[in-house]
Amino acid sequence: MSISERDARSVWHPYTRHFDSPKFPVITGASGSYLHLESGEKILDAISSWWVNIHGHSHPYILEKLHEAAQEMQQVMFAGFTHPRAVDLAERIIALYGRGVSKAFFSDNGSTAVEVALKMAFQFWQNQGKRKSKLLAFRGSYHGDTFGAMSVSSRSLFNEPFWPFLFEVQFISSPIKGQDDVLTELANLYAHHGDDIAGIIVEPMVQGAGGMIFHEVDLLNAVLSYVKERSGLIIADEVMTGFGRTGKLFGSHHLLVSPDIVCLSKGLTGGMLPLGLTLAGDKVFEAFNSPDISRALLHGHSFTGNVLSTAVALASLELLLQEENLDKIRRISDMHQSFVLKVSHPLFHNVRCLGTLMALEIGDLEGSYTSPIKESLHQYFLGKNILLRPLGNTLYVLPPFSITDDELNLVYESILDLPKEFYR
Ligand SMILES: Cc1ncc(COP(=O)(O)O)c(C=O)c1O
């Protein structure tokens, strides 16, 4: 029996309707910007394997640092112990992020980084004798699949079975061009629930899984200032926008208003191993800094601060900051920019880019994530040996920084060559 057939018998995949008995291509290796198929063919990974793989696959320097760490130790419990790589990583990320963050809390992935941020935000107020039960979030936002993260994500088919169990969140319009209404919505909410609002969670500059929704920077600044002036906490979920994706090192670096809490994952380890980080500034940390254990953040995971994950994160950060890599980010950003400026296709709408992300909507097709067009587009590009996985009719390119000009041009060409059957 083939691996695909054995997979279909025993594996339950994420976001998958198994009713159709899908047979997934088998990946047996990966290097640079390519995934290697069992058949020997290679697929150009134009979305960095769910946005994690910023330097490409099997990067030799990251592998070297992984090997080095693995020879020393692999895992140590992180309550009651520490290790040098975790400390180095915390120091470096704090310095790199700036904006007043001063502490790093470790977890395992993007959703857990968000869970920790939410706990920090609610307990911050509770530790000061104020129970604030409402958070603000943008419509169309996505922050992960655990219960807290689902609660602050837009209500959708994905979380519908759990609606009765999600905590209440006030969703407001995204700060996109022409949506100044968001400020009126905010004023109304504060007029009615002001004392109960703990803060706001945002994906700074781009709402990723919700459809690559680009924020208008002045409007986002205005929203965040409004909340901050009323002492609400600002949580920046940079799980997607971190590590050079938006052209700056972090999404918040485009903004005048600094977050109080920051969530990082995905590109943090260059896609080599799972790791989450939640950063906070002194204001938040001090609310937990008490002799009373009940005021501490009583949260942790078995693999919190995993040695190997921290080793690869340190290596990935080193690579990220090299001039050669920053040039690659600029080069991809410039190429996206020229594509966006010159593309003139009656059926592509809202062609846009920011940093290494380029996105567009195709035709006036039904825009939902579950629209069947998503799967046919995915298959069309796979047929061209390119990995693109649209969000509904939103097609986006978010390549590893290792992608060459020729490879990126190939991706653009395959988009421009989309056959008519994809349009209505
Ligand atoms: C902005 C944002 N937050 C959180 C998450 C959840 O991360 P993970 O899939 O690692 O749990 C994602 C994943 O796509 C994301 O885009």
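Which helix gives the largest share of the shell around the ligand?

1. Helix α5, residues 110-126, gives that largest share, with 3 residues of the shell. The model discussed in this note is predicted.

2. The ligand has 14 residues around it, and those that come nearest are Asn-109, Gly-110, Ser-111, Gly-144 and Val-239. By class, the shell around the ligand holds 7 polar, 5 nonpolar and 2 charged residues.

3. The chain has a division into two parts. Domain 1 is written as 3-58 + 323-422, and domain 2 covers 62-320. Taken over C-alpha atoms, the centres of domain 1 and domain 2 are separated by 26 Å. In the contact, domain 1 supplies 23 residues and domain 2 supplies 22 residues.

4. Which elements give two or more residues to the side of domain 1 that touches domain 2? They are the helices α2 (48-51) and α11 (323-342), together with the strands β13 (348-354), β14 (357-362) and β16 (394-397). This side of domain 1 has 12 polar residues, 10 nonpolar residues and 1 charged residue.

5. The remaining points concern helix pairs. Two packed helices are described by the angle between their axes and the distance between the axes.

6. Take α3 (residues 60-72) and α10 (residues 307-321) to begin with. Their axes come within 9 Å and cross at roughly 150°. Angles over 145 degrees count as roughly antiparallel, and α3 and α10 are therefore roughly antiparallel to each other. The crossing of this pair, α3 and α10, is right-handed.

7. From α3, the residues that meet α10 are Tyr-61, Ile-62, Lys-65, Leu-66, Ala-69 and Ala-70. On the α10 side, they meet Val-307, Leu-308, Ala-311, Val-312, Leu-314, Ala-315, Ser-316 and Leu-319. Sorted by class, the contact of α3 with α10 has 12 nonpolar residues, 1 polar and 1 charged.

8. Helix α10 also packs with α4 (residues 84-97): the axes of α4 and α10 come within 9 Å and cross at roughly 40°. The two helices α4 and α10 are therefore oblique to each other. What is the handedness of the crossing of α4 and α10, left-handed or right-handed? The crossing of α4 and α10 is left-handed.

9. In α4, the residues that meet α10 are Arg-85, Ala-86, Asp-88, Leu-89 and Arg-92. Their partners in α10 are Val-307, Thr-310, Ala-311, Ala-313, Leu-314 and Leu-317. The contact of α4 with α10 divides into 7 nonpolar, 3 charged and 1 polar.

10. Another pair is α7 (residues 181-193) with α8 (residues 217-229), whose axes are 10 Å apart and pack at an angle of about 10°. Angles under 35 degrees count as roughly parallel, so α7 is roughly parallel to α8. Val-182, Leu-183 and Leu-186 of α7 make the contact with Leu-219, Ala-222, Val-223 and Tyr-226 of α8. By class, the contact of α7 with α8 has 7 nonpolar residues, no polar and no charged.

Note on methods: Residues numbered from 1 in each chain as written. Predicted model: local features only at pLDDT ≥ 70, side-chain atom pairs only at ≥ 80, totals over all residues. Near = placed C-beta within 6 Å. Helix = DSSP H or I, 4+ residues; strand = E, 2+ residues; numbered from the N terminus. Nonpolar A, V, L, I, M, F, W, Y, C, P; charged D, E, K, R; others polar. Domains from an automatic or database assignment. Contact = placed C-beta atoms within 7 Å. Axes fitted to C-alpha atoms, helices over the stretch in contact; angles between N-to-C directions. Parallel < 35°, antiparallel > 145°, perpendicular 65-115°, else oblique. Left-handed = near helix turned anticlockwise from the far one by under 90°.
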